[in-house]
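Have your viewer ready and keep the selection tool at hand. We will go from stop to stop, and at each one you will hear what to select and what is there.

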Amino acid sequence: MCGIVGYVGFRSVADILVDGLEQLEYRGYDSAGIAVKCDSDIKIYKSIGKLKNLREELKNHVGEFEKSTTGIGHIRWATHGAPTVINAHPHTCNCGNLVVVHNGIIENYKELKIELEKQGCKFKSQTDTEAVAHLVALKYKQAKNLTEAVRLATKEIQGAYALCVMHNDYKNTVVVTKRNAPLLVGIGEGEFLIASDVPAIIKYTKKAMYLNDNQIATITPNSMKLIDKDGIEQVQKIEVLPWEPVALSKMGYKHFMLKEIHEQPDVVRNNLSGKLHSATEPVVLNEVKLDKETLKKLNRIQIIACGTSLHAAMIGKYLIETFCGIAVDVEASSEYIYRRTVTDENTLVIGVSQSGETADTLTAIKQAKARGSHILIITNRPDSSMAREADSLVPVNAGIEVSVAATKSYIAQLMAFYLLALYMAEVKGSLDNSLVQSVKNELMLLPQKIEQVLANTEDIQKCARKYSGTKDFIYVARGINFPTALEGALKLKEISYINATGYAAGELKHGPIAMLDDTMPVLSILMKGSIYEKLLSNSEEAKARNARMIALTNSTDEKLNDLFETIIRVPDVQEFLSPIIAVIPLQLIAYYIAEFLGKDVDQPRNLAKSVTVE
Ligand code: F6R
């Protein structure tokens, strides 16, 4: 997997493909390649590492392809086989006449490979994708038609895929199809652009068609024919993409991650706009399509998500249970999908995902939907596959997030949960009015408070420098900030590769305390409120084992100076809203440590922005 582009039209194709891939490169990848249809044959160019290596490779061959106007390209995030030139896409059949790029995972590729080898296919790579190239080529021998060959092949392929296929017999044609992986076709004048995500094509057109699962499109410069898996012709809605051509610019920041952290006050403002008018008016959440009577009776919610979105979900659980008195289960999507989960038409199932494409969450959502549950999706991508499955769609409007490490999309997801929990509490009448009003007042003050944190980062930078040599890092918190500890630790390990773990502080003494000594930094997220004193005691216990104690706090309590060797202070904030204020310094600590260590902050090794494989 990672990103696909394709082009059929009148422009010189190589630049379009590489430009398109560049727009997808923020998603994380380890190699890249393109195939272009030249006069007599299809030429393939590949390289490992960044796209600049592919550009260099192309410079050596310009004369070969400059007139070519049809091609496909791919950036790969290795799943089957190491990141090598041989494993990079496009892949070919034995004779090289047929080329394929693929996102997703072919689950039965081993069985296919055995069968294909029996029929004389010689595999060059370790990828699952190569099986598709050989399979379609064999079908082409029978069918003598590329679309039909793709259709027949997809009947034998199991798993998730978005595929683009070209054949040397076809001068200007690309055939595309998909199942459980995103693919869209941008429609221009005398040209079509194919991509796994909008940024790759938005410079050329805002008109596009999203393929449904199992549809196959045969695309030439002046036509696009769409059929379903049975060969029956289809008509698909053409949509106007709600996107502006964005130059993915860092706006003067050293990294996208830092820019995105600094965008968070505006993200909060955007999310409040139109939904929260004043402390005394009810929250407006027209996106929730469950009628109020059903909401009042609702007694069970499941929230499913992965990674950072899972941490937002955990805070969502805390809010909904506290504000609405409804039982909420939170589960990692990858666990949810492989057991018998109890859900039905009386359960509200909430899927949380910044990309809206995470394969595990998408599968989980589909399973719950099949059992009749109402599906509410919280996502930063209202045009994503998950959004398309939603009964209620709550877009979080964080704007495009380029850095692989999620920051502003996390804050936006949290905002969605605050508004949702308040909205449901108001419908149910489950929360004291004065508390509702005070939470709303605090919500409206959040942007200025985040700005205050962002305006004073010297202590955070000093702290990052001081602990950047550590091999391990522990984050502890309790209550609503336990997920903040998990998120702080996740941010640090993702971009600095330091082994960081978040614990519920009460759990320290049940095992992790054994690891503490004078080399171990322990960061306590010590926000004032119901659990403050308890966490202080847990911090004392860690201090007694000589750990290097750090406090992140909104308390001005003098006695903290004796307990902690480093203190990062944040503006005062109500306990319910403290996860938003507390996570900002943690994002920054992770950022500055990674930056100080010279890591690739925006594209950490081994990670992808949108994980479209299970
Ligand atoms: C961490 C991060 C990942 C994602 C996870 C789920 O910074 O970005 O942990 O949160 O891969 O992705 P989404 O939210 O797109 O479903």
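Start by selecting Tyr475, and leave out its neighbours within four places in sequence: Tyr475 is then in contact (heavy atoms within 4.5 Å) with Ala485, Gly488, Ala489, Leu492, Ala500, Thr501, Gly502, Tyr503, Leu523, Leu586 and Ile589. Before you go on, note that this is a predicted model, in which local features need pLDDT of at least 70 and side-chain atom pairs count only at pLDDT 80 or more, while totals for chains, interfaces and linings use all residues. Residues are numbered from 1 along each chain as its sequence is written, and side-chain values use heavy atoms, with hydrogens and water left out.

**The cores**

Now widen the selection. Tyr475 belongs to the largest nonpolar core, which has 97 residues. A nonpolar core here is a set of buried Ala, Val, Leu, Ile, Met, Phe, Trp, Tyr and Cys residues joined through side-chain atoms within 4.5 Å; buried means under 20% relative accessible area, exposed over 50%, and partly exposed in between, with a 1.4 Å probe and protein chains only. Along with Tyr475, the members that touch the most others are Ile301, Ile320, Phe323, Ile350, Leu443 and Phe473. Next, colour helix H14 (residues 408–428), which supplies the largest share of this core, 16 residues. Helices (H or I, at least four residues) and strands (E, at least two) are DSSP runs, numbered from the N terminus. A second, separate core has 33 residues, among them Ile75, Ala195, Ile202 and Tyr210.

**Helix H4**

Move to H4 (residues 109–118) and pick out its buried residues, Tyr109, Leu112 and Leu116. Look down the helix axis: these residues fall within an arc of 60° (taken from the directions from the helix axis to the C-beta atoms), so they line one face of H4. Strand E6 (98–106) and helix H5 (129–143) are included in what covers them. Turn to the face away from the buried side to find the exposed Lys110, Glu111, Ile114 and Lys118. Just after H4, Gly120 has a positive phi of about 100°.

**Two buried loop residues**

Select His255, in the loop between strand E14 (239–240) and helix H7 (256–262). His255 is buried, at 14% relative accessible area. Its side chain makes a polar contact (N or O atoms within 3.5 Å, one able to donate a hydrogen and the other to accept it) with the side chain of Tyr591, at 2.8 Å.

Finish at Glu25, in the loop between helix H1 (13–24) and strand E2 (31–37). Glu25 counts as buried at 19% relative accessibility. Glu25 and Gln603 are 578 residues apart in sequence, yet 8.7 Å apart in space, C-alpha to C-alpha.
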